[in-house]
Amino acid sequence: MRGPGIAETVPRCQAHSDKTMTMRPHRRLAVSSLLAVGVLAPAAWFGARTLDAVEAKPALASARASSSSDIVQRDIQISTWKKALDMDPQSAMALGQLAGLYMQRARETGDDQNYVVAEGYARRSVGLRTNRNGATFVTLAGALLAQHRFVEADSIVTELVASEPDVPQYKSMYAEIKLELGQYETARSVFDSLHAQRTHLSIAPRLARWLELNGNPDGARKLLYDALSEAEKRRDLPIEQVAWFELRVGDIEMRNGRMNGARKALEAGLRTSPDDYRLLSAMARLEAVEGNPRKAIEFGERAMAIKLDPATLGIIGDAYAATRDSANAEEYFKTMEVAVAGQPGSYHRAWSLFLLDHDRRVPDVLKNVQDELVSRKDIYGYDLLAWALHKAGRDAEAARAMKSALKLGTRDAMLFYHAGMIERSLGNKATARAYLENALATNPHFHPTQPNEIRSVLKGMGS
């Protein structure tokens, strides 16, 4: 599968502990009911963040509590701190605690509106107190990142690092955001300065993604496996955070074609947190790329029963197409298209890729990515631009954008596939063959259908 960028793979920079989600019964999705919704809540690009800053935790939180009581416990905590805030409306502490609790609620319930509420409380808190309030700055930045507001998050964390330059966790978040914005030299300098702290649980996943983007997936895998081993030993970590590290390991294994390792990690994560919609969606992707569409549908629908995510809708639609159920496939595709079209701001990149791969809303995606590249010039933004230009029949421009997408030396089969297909359209047979062969060598399971498309293309080219 395509590397989604650091924002989709690094733990949220959150100074508060997390909990696991409550179990909900499996149910078959009624797609027509999703269409009636019209607009689905945008899926956060960010997984649950691990320990950050001073590793503060909301009052009354208990590590590794049973999942069945977490939502109720969170409501009690929120009610308690709201009462404290009523008694002292100028309490920066109460506001900061409420911000962190709503961040947790967003992850536990899949309701992204909680990120907006968290942002509001965090802004009020830092407006009242900036000194010794770093954890709330981190919460505010995390809420902004969850809403894809990278420039605003950059401003918040830049202020935080300027006021407390010696906290490595703050610096790693700063480097993460610079990476997201495509400011790679700044990111490189900061990540280099964090080498001695590379094993810290809030730094290792960010540094791992940096290594992966720079063509060192083995180094990235080692960091993530070491972090997972450490997380499993930490009895103070909530189970949701341990499951998050399993998800990160599963993601990187899948991106690098290590499907057995990916399955092992994701299944371990689901044993830890059986109702985690992110793990369920990842399992749906894994089953899809391994040619098990009915299992992909099962896992995808379980994920969708918890959180309505357009990307998962796309996985299910493709899986139905693989079973030759074109009616159900088209219904899911249309639902996904409607959902994405109604989203405020920039499209999630996974959603955008799905639309382009299915030749849907190409002009809309192209305009969206062009607008986003004004402030966010990272390699996956250029890759998306290149693919949108290719789909629009503008391959000379696409090839130029693709050069920017490949500039870090990232070993990503999807990047190579896009580059190869663009070169093929330009008639550059030898260059196209090299890129396409590299895609299969990097990961022969990067997508449910595109590896077979590559094989067909290479056969037609006489390879």
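I began with α15 and α16, which are roughly antiparallel to each other because an angle over 145 degrees counts as such. Helix α15 (residues 310-322) packs against helix α16 (residues 326-341) at an angle of about 160 degrees, and their axes are 8 Å apart. The crossing of α15 and α16 is left-handed. I looked up the contact (heavy atoms within 4.5 Å), and among its residues are L313, I316 and Y320 of α15 with Y332, F333 and M336 of α16.

I noted that this is a predicted model, in which local features need pLDDT of at least 70 and side-chain atom pairs count only at pLDDT 80 or more, while totals for chains, interfaces and linings use all residues. Residues are numbered from 1 along each chain as its sequence is written, and side-chain values use heavy atoms, with hydrogens and water left out.

Next I turned to α7 (residues 168-180), whose 13 residues reach 18 Å from the first C-alpha to the last. I found 11 of its 13 residues buried, so α7 is largely enclosed by the rest of the structure; buried means under 20% relative accessible area with a 1.4 Å probe, protein chains only. What covers the buried residues of α7 includes α5, α6, α8 and α9. Just after α7, G182 takes a positive phi of about 80 degrees.

Last, I checked pLDDT, the predictor's confidence in each residue, from 0 to 100. The mean for the protein chain is 86, and 84% of its residues reach 70 or more. Over residues 1-51 the pLDDT is below 50. Where pLDDT is low, the predicted coordinates should not be read in detail.

Terms used:
Helices (H or I, at least four residues) and strands (E, at least two) are DSSP runs, numbered from the N terminus. The expected span of a helix is 1.5 Å times one less than its number of residues. Buried means under 20% relative accessible area, exposed over 50%, partly exposed in between (1.4 Å probe, protein chains only). Axes are lines fitted to C-alpha atoms, for helices over the stretch in contact, and angles run from 0 to 180 degrees between N-to-C directions. Angles under 35 degrees count as roughly parallel, over 145 as roughly antiparallel, 65 to 115 as roughly perpendicular and the rest as oblique. A crossing is left-handed if the near helix is turned anticlockwise from the far one by less than a right angle, and right-handed if clockwise.
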